[in-house]
Amino acid sequence: MGSSRSSILCFLMLCASFLVPTSCHSYSHGALFIFGDSFYDAGNNIYLNTSNTSLPKLNIFPYGETYFKHPTGRVSDGRLIPDFIAEFAKLPLIPLYLQPGNHQFTNGVNFASGGAGALVENNQGPIMGLKTQLRNFKNMEKQLRQKLGASEVKTLLSTAVYMFSIGSNDYLVPFITNSTLLQSYSKKEYVKMVIGNITSVIQEIYKIGGRKFGLSKLLPLGCLPFSRALKLSSTGGSGCMEEFTLLAKLHNRALLEALKELKKSQLKGYTYSIFDAYTAGTAIFNNPSKYGFEEVKMACCGSGPFRGSLLACGLKVYQLCDNVSEYFFFDEIHPTEKANYQFAKLMWDGSPKIVKPYNLKTLFEK
């Protein structure tokens, strides 16, 4: 009888508060707020006004073919890493910030925008860069305070996990747009600017009430199908484009150090998880069959060498593979759902060798 009464009480508390953080859930001790680029954008960009730009909206076939059976704005054949993290945390799919309708946002919000960079200069047209995403987060926090009250919002924000996928565009976009931005600085200076913008956003979210942050190192950017195709066309050489990979290495090293420095500073309660996507990706690229892949150089969807032509999948004349589960990359830059799942699983409950100092499961439980 006692357990029945406590179950009813728990249910009533949940209904009364509309908050995820309760003892009724095994893992969903908090909401999930998502920031970043197309690796995490679940469809915000389809709501942007791109009519006066050359930016395409990627809610087109064959994106979304595997899981959703229709395009959703996710740049993959199916789910993205945050979709799986939400599932592991026993949360529903996280709503988009720009999605029309009346959202509670108490399970979290996805602010990510395809093409976003940490540096304002690398955000083209209406794309919501990291600073814009922070501004949107602040607007959402004000709305939540008006609805729920300050104390409930404080609990919601302090128990939430904040996931970031940012930086890739800061190193790729200057090459794609022939910008001189990267050439204006030494590599180390440029990386320092990118990392500085990321840590300043983390500090801003901390001031508002966030405490738990999940970040990811960059993949070996020189080994994307896009990068391989670019190297082939520019130098005639095969293999990965070392310039991109070197920038990714510098970024990854600086990001880890910056997160450690924040921990040493007087940020009470601040904690983080950093997933080593570089090491995980390299392991797969070096031994694909061990991880269930047959093709890690060529994209499933696209055109040209390695199917690496920019923005070809679904838009121009393109080829589409027969069995997407054999491929690591779905298009010229973005992983397949299968690859996203493997990375999400490592982020969720991987060992300290690949996700430090805590995995996301531990972060949610903290």
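Predicted model: local features only at pLDDT ≥ 70, side-chain atom pairs only at ≥ 80, totals over all residues.
Reader: In which sense do β4 and β5 pair, and over how many bridges?

Author: Strands are DSSP runs of E, at least two residues; helices are runs of H or I, at least four; both are numbered from the N terminus. Two strands pair if DSSP finds at least two bridges between them. Strand β4 (residues 212-216) and β5 pair in the parallel sense over five bridges.

Reader: What happens between β5 and β8?

Author: Their pairing is antiparallel, over three bridges. I274 stands opposite K356 in β8.

Reader: Which way do the side chains of β5 point?

Author: In a regular strand the side chains alternate between the two faces of the sheet. From β5, T271, S273 and F275 point one way, Y272 and I274 the other way, and all are buried. Buried means under 20% relative accessible area, exposed over 50%, partly exposed in between (1.4 Å probe, protein chains only). Five of the five residues of β5 (residues 271-275) are buried, so the strand is largely enclosed by the rest of the structure.

Reader: What is the strand order of the open sheet?

Author: The order is β2-β1-β3-β4-β5-β8, six strands with mixed pairing. The edge strands, β2 (108-110) and β8 (355-357), each pair on one side only. Neighbouring strands of this sheet are turned by 20° against each other on average, direction ignored. At the β2 end, three bridges join β2 to strand β1 (residues 32-36), and the two run parallel. F33 has V109 of β2 as its bridge partner.

Reader: Is S165 buried or exposed?

Author: S165 lies in strand β3 (residues 161-165). Its relative accessibility is 10%, so S165 counts as buried. The S165 side chain makes a polar contact with the side chain of D37 (2.9 Å). A polar contact is a pair of N or O atoms within 3.5 Å; within protein, one must be able to donate a hydrogen and the other to accept it, and residues adjacent in sequence count only if both atoms are side-chain atoms. Leaving out residues up to four places away in sequence, S165 touches F35, G36, D37, F39 and Y40; contact means heavy atoms within 4.5 Å.

Reader: At what angle do α3 and α4 pack?

Author: Two packed helices are described by the angle between their axes and the distance between the axes. Axes are lines fitted to C-alpha atoms, for helices over the stretch in contact; angles run from 0 to 180 degrees between N-to-C directions. α3 and helix α4 (residues 150-159) pack at about 135°, with axes 7 Å apart. That makes α3 oblique to α4. Under 35 degrees is roughly parallel, over 145 roughly antiparallel, 65 to 115 roughly perpendicular, and the rest oblique.

Reader: Where does α3 lie on the strands?

Author: Helix α3 (residues 130-148) lies across β1, β2 and β3, running at about 155° to β1.

Reader: How do α5 and α6 cross?

Author: The axes of helix α5 (residues 168-176) and helix α6 (residues 187-208) come within 10 Å and cross at roughly 130°. α5 and α6 are therefore oblique to each other. D170, Y171 and P174 of α5 meet Y190, V191 and V194 of α6.

Note on methods. Residues numbered from 1 in each chain as written. Heavy atoms only, no water.
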